[in-house]
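User: I would like to learn how to read the features of a protein model, going from a single residue to strands and then to packed helices. Could you take me through one example?

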Amino acid sequence: MEKLALTTAVKMLSDICYELKEYAEMGIEAIGLMYGVYGIGKTKASQLVADPTNEDHIPFVARIKCDPGIKTPAQFVRAIASAIKAPTSRNYHEGKILLKTRIKHKAQYVFVLDEAGFVLRKRETALAIKDILEEYMTPFVLLGNEELPALVEKYGGLNERVKRRVNLDVVTELDVKAIFDSLSIPQEEELIKTVYGLVKKKNASILKLSAALKLAYLENKKLTKKAIEEALDRVILGV
């Protein structure tokens, strides 16, 4: 299995989870968003951080795979209960109370909702996120496609609690530095700016940049603009 530190989406999700846990420990209700186009690595990232058989998993993360079957708040609570092995109920309020059998203190869990759009499209289930966050001080990380921010913005009670947003389709200069760091590549300011310029020119995503840097670094050991550009072109073209 690829090391967690070498998977950019996983590293970013990991950073969000630890950051939100710190907010919760300070008594601050917190939500994080990570979004991007289909196939960019969100689901894989959530599986890795929640998988106890993975040596780099995060023990306080509970992953909930959302789907069209979650149509009511009670079904949403049952999905959470299943993730943390709590008793369940067909009644929403009873189910919410039963979560106490597993949630003993604030910040004990960070709930990662994969395909969160299925929960956010219905007002009742979306507001259940806020209810559980308020009652148990358990942060939520919402994963989804490009429409995720717009879905969250429909609910002021959720949107005002968003503390971190990561768009995997858009790369900033800070992202470039973070990727260099995650791959243990020496950071040279001029090279960082060069890479950022290439990313903007080619409209490359965070994951494509990460893959290209790994490819160029493995093949050349010393990164140059030419090596990175050639690797980016290969990754973008899929060759």
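User: Which helix does Glu19 lie in?

Analyst: Before answering, a word on the source: this is a predicted model, in which local features need pLDDT of at least 70 and side-chain atom pairs count only at pLDDT 80 or more, while totals for chains, interfaces and linings use all residues. Residues are numbered from 1 along each chain as its sequence is written, and side-chain values use heavy atoms, with hydrogens and water left out. Helices (DSSP runs of H or I, at least four residues) and strands (runs of E, at least two) are numbered from the N terminus. Glu19 lies in helix H1, which covers residues 8-25.

User: How does Glu19 count in terms of accessibility, and with which residues is Glu19 in contact beyond its sequence neighbours?

Analyst: Accessibility is read in classes: buried means under 20% relative accessible area, exposed means over 50%, and partly exposed lies in between, with a 1.4 Å probe and protein chains only. Glu19 has 24% relative accessibility and therefore counts as partly exposed. Contact means heavy atoms within 4.5 Å, and once neighbours within four places in sequence are left aside, Glu19 is in contact with Lys163 and Arg164. Distance in sequence and distance in space can also be set side by side: Glu19 and Asp56 are 37 residues apart in sequence and 17 Å apart in space, C-alpha to C-alpha.

User: Turning to the strands, in what order do they form the sheet, and which strands stand at the edges?

Analyst: Two strands pair if DSSP finds at least two bridges between them. Here 5 strands form an open sheet in the order S2-S3-S4-S1-S5, with parallel pairing. S2 and strand S5 (162-167) stand at the edges with a single partner strand each, so one side of each has no neighbour in the sheet. Neighbouring strands of this sheet are turned by 15 degrees against each other on average, direction ignored; such angles are taken between N-to-C directions on a scale from 0 to 180 degrees, using axes fitted to C-alpha atoms, for helices over the stretch in contact.

User: How many bridges join these strands, for instance S1 (residues 31-35) and S5?

Analyst: S1 and S5 run parallel and are joined by 5 bridges, and Leu33 has Arg165 in S5 as its bridge partner. Strand S2 (residues 61-65) likewise pairs with S3 in the parallel sense over 5 bridges, with Lys65 standing opposite Asp114 in S3. S3 is joined to strand S4 (residues 140-144) by 3 bridges, again in parallel, and there Leu113 has Leu142 of S4 as its bridge partner.

User: Is strand S3 (residues 110-114) buried or exposed?

Analyst: In S3, 5 of the 5 residues are buried, so the strand is largely enclosed by the rest of the structure. Val110, Val112 and Asp114 point one way from S3, whereas Phe111 and Leu113 point the other way, and all are buried.

User: At what angle do the axes of H3 and H6 cross, and which residues meet?

Analyst: Two packed helices are described by the angle between their axes and the distance between the axes. The axes of H3 (residues 73-84) and H6 (residues 123-136) come within 8 Å and cross at roughly 50 degrees. Angles under 35 degrees count as roughly parallel, over 145 as roughly antiparallel, 65 to 115 as roughly perpendicular and the rest as oblique; H3 and H6 are therefore oblique to each other. Pro73, Phe76, Val77 and Ile80 in H3 meet Glu124, Thr125, Ala128, Ile129 and Ile132 in H6. By class, the residues of this contact are 7 nonpolar, 1 polar and 1 charged, where Ala, Val, Leu, Ile, Met, Phe, Trp, Tyr, Cys and Pro count as nonpolar, Asp, Glu, Lys and Arg as charged, and the others, Gly among them, as polar.

User: How far apart are the axes of H9 (residues 173-182) and H10 (residues 189-202)?

Analyst: The axes of H9 and H10 are 9 Å apart, and the two helices pack at an angle of about 120 degrees, which makes H9 oblique to H10.
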